[in-house]
Amino acid sequence: MLSANLSAIFYLVSGVLFILALRGLSSPETSRQGNFFGILGMIIAITVTFLSIGNFSTGFVVVLIFLLIGGIIGAFIAYKIPMTAMPELVAGFHSLVGLAAVFVAIAAFLNPEAFNLGSPGNIKLGSLIEMSIGAAVGAITFSGSIIAFLKLQGIMSGSPITFKGQHPLNAIILISIIVITYLLCSTQSSNLFWMLLAVSFLIGFLLIIPIGGADMPVVISMLNSYSGWAAAGIGFTLENTALIITGALVGSSGAILSYIMCKGMNRSFFNVILGGFGATEQSASTQNKEQKPVKSGNADDAAFLMKNASSVIIVPGYGMAVAQAQHALREMVDTLKKNDIKVSYAIHPVAGRMPGHMNVLLAEANVPYDEVFELEEINNDFANADVAFVIGANDVTNPAAKTDPQSPIYGMPVLDVEKCKSVLFVKRSLSPGYAGIDNDLFYKENTLMLFADAKKMTEDITKNL
Amino acid sequence: MEIDPFIFRLSIFILSIFIGYYVVWSVTPSLHTPLMSVTNAISSVIIVGAIIAGLAGNSDSIFNTSSIFGFLAISLAAINIFGGFLVTQRMLSMYKKKKKDK
């Protein structure tokens with residue numbers, strides 16, 4: 001049996017390894033090593049826990065069995081999941097962390113002796129507060145992530161669900177969580193504990209349903225952050241350094257990603273959380289749409305334009321992921337490169353349904369990461385490029401964000417696609433994007449619309465090159 | 001006057017938030033998706049608590065209510081640990097630099 005001090009040191013080591021795991025992600029070269037540090041930290045944490053309990057009886061075997069069951073399911077998912085489904089996967093994983101936190105809190109509440117927290121009905125006050133926070137945040141993470149998962153998966157409509165009195169209701173529930181926690185701590189009643197969990201599940205559900213599918217990058221990051229705070233809450237209860245460090249790391253990581261995503265949309269965090277974006281704007285945009293003329297072309301025209309270009313910038317968006325067009329796109333780019341055309345990719349911070357989604361898809365299609373650029377890095381290059389090839393993106397190219405103060409996306413950083421000599425827009429129809437607003441770019445003199453499925457169009461262009 | 005150990009844990013927590021803040025800002029935006037999947041995996045270190053709960057039952061009754069919740073939590077966390085690290089590994093192995101031929 002490992003002494004408490006020695007195991008605490010090992011937990012610290014695994015916490016440090018987790019920090020190094022995140023540090024490794026500062027560049028793709030060091031990232032694989034970082035992931036290895038993460039795995040090592042996890043192995044140390046689990047081994048130390050077994051050794052410090054020192055109980056290798058029947059219970060140990062049962063634990064191993066459950067560990068293996070989970071491990072096999074996890075490994076299976078990790079190998080099978082297509083890269084386009086990464087947002088759903090991450091949302092699903094968040095829900096599991098949340099639920100695991102809830103279960104651990106329940107176990108600790110029912111059997112506090114095992115965790116040195118006192119006896120049932122007489123749990124130490126500090127531990128009970130920490131436990132309640134961990135359980136509540138875990139429950140919110142769980143139900144919120146389930147909704148996010150259903151929306152991303154398309155099982156539930158991506159459009160915001162709003163109803164009258166939503167915000168007052170949420171406020172009342174949030175206040176009741178605080179009241180229940182207070183009462184729980186003063187009475188130690190298990191009924192109140194269950195009530196706390198039920199109400200937290202409910203609020204997680206209510207908080208996410210009004211948020212539209214397009215705001216998912218913020219939601220996923222936010223739930224990422226919540227799962228961290230839940231872990232930290234449990235970490236305080238268990239007096240476990242590894243868990244506290246990790247919780248803090250994950251919590252701040254998710255918070256920073258939410259901030260970056262909000263900034264990419266020029267919206268305040270509260271604006272996103274309060275939800276309902278997209279539902280109100282739709283009606284305003286439909287009026288002045290039909291009249292303007294649009295130039296549309298086919299794969300042949302597009303191929304001609306690109307063949308005569310000397311530099312092409314590709315702007316991928318969520319539509320590319322939906323059409324699974326990333327491989328076809330890379331083949332097109334290969335052909336272009338053979339003709340000595342310079343090609344680069346421009347990624348908007350909120351392209352796709354989660355942070356960095358486009359980068360992963362392009363990496364999957366074997367696009368070297370040093371050809372892929374962020375908005376600030378590449379935005380000045382559009383003026384010197386011949387062709388911008390917009391595939392599955394819309395709002396992130398809308399010049400109205402710079403010129404029209406009335407536009408709901410005014411002030412959002414956009415890619416200066418219109419500065420290119422010509423713009424190719426692969427899109428299924430003229431329908432507005434998620435923000436529900438029209439894109440002036442469609443009607444510009446130098447824009448050629450390519451109405452087709454992104455994958456099919458890209459393949460046709462390649463044939464015509 | 002003795003300092004409550006809680007204060008030390010709080011100090012670790014607060015300092016870790018700052019470490020997290022600076023470390024995460026240094027993550028390159030193109031790796032934000034792997035960042036999310038790996039944070040997912042490491043936050044499942046909560047399995048430590050689940051194992052303690054699972055092993056708390058005595059030899060007569062391995063399965064009491066508390067330990068059953070522990071066992072379930074072990075499986076949930078294990079899905080995340082294996083799934084999270086492996087999918088991160090899979091993603092990271094796809095990031096390649098431009099080949100310097102021709």
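Predicted model: local features only at pLDDT ≥ 70, side-chain atom pairs only at ≥ 80, totals over all residues.
**View 1. The interface between chain B and chain A.** Contact between the two chains involves 77 residues of chain B and 102 residues of chain A. Together the chains bury about 8,200 Å², and carbon and sulfur atoms account for 78% of this area. Three residues, B:M36, B:I46 and B:L55, contribute 9% of the area that chain B buries against chain A, more than any other three residues.

**View 2. Polar contacts and the elements of chain B that face chain A.** Between chain B and chain A, 16 residue pairs are in polar contact, with both residues at pLDDT 80 or more. On the side of chain B that touches chain A, the elements giving two or more residues are α1 (5-25), α2 (32-43), α3 (47-54) and α4 (65-92) of chain B. Of these elements, α4(B) gives the most, with 26 residues. Sorted by class, this side of chain B comprises 49 nonpolar, 23 polar and five charged residues.

**View 3. The crossing of helix α3 of chain A with helix α4 of chain B.** The axes of α3(A), residues 58-80, and α4(B) come within 7 Å of each other and cross at roughly 35°. The crossing of α3(A) with α4(B) is right-handed. In the contact of these two helices, 17 residues are nonpolar, six are polar and two are charged.

**View 4. The salt bridge between B:R9 and A:E239.** Over all chains, the model has ten salt bridges. One pair crosses between chains, running from B:R9 in helix α1 of chain B to A:E239, which lies in the loop between α8 (216-238) and α9 (241-265) of chain A. The side chains of B:R9 and A:E239 meet at 3.5 Å, N to O. The count of salt bridges between chain B and chain A is one.

View 5. Residue A:T462 belongs to helix α18 of chain A, which spans residues 454-464. Its side chain reaches the backbone oxygen of A:T458 at 2.7 Å. When neighbours within four places in sequence are left aside, the residues in contact with A:T462 are A:A328, A:E331, A:M332 and A:T335.

Terms used. Residues numbered from 1 in each chain as written. Chains lettered and ligands numbered in written order. Heavy atoms only, no water. Contact = heavy atoms within 4.5 Å. Buried area = accessible area lost by both parts, 1.4 Å probe. Salt bridge = Lys/Arg side-chain N within 4 Å of Asp/Glu carboxyl O. Polar contact = N/O pair within 3.5 Å; in protein donor to acceptor, adjacent residues only side chain to side chain. Helix = DSSP H or I, 4+ residues; strand = E, 2+ residues; numbered from the N terminus. Nonpolar A, V, L, I, M, F, W, Y, C, P; charged D, E, K, R; others polar. Axes fitted to C-alpha atoms, helices over the stretch in contact; angles between N-to-C directions. Left-handed = near helix turned anticlockwise from the far one by under 90°.
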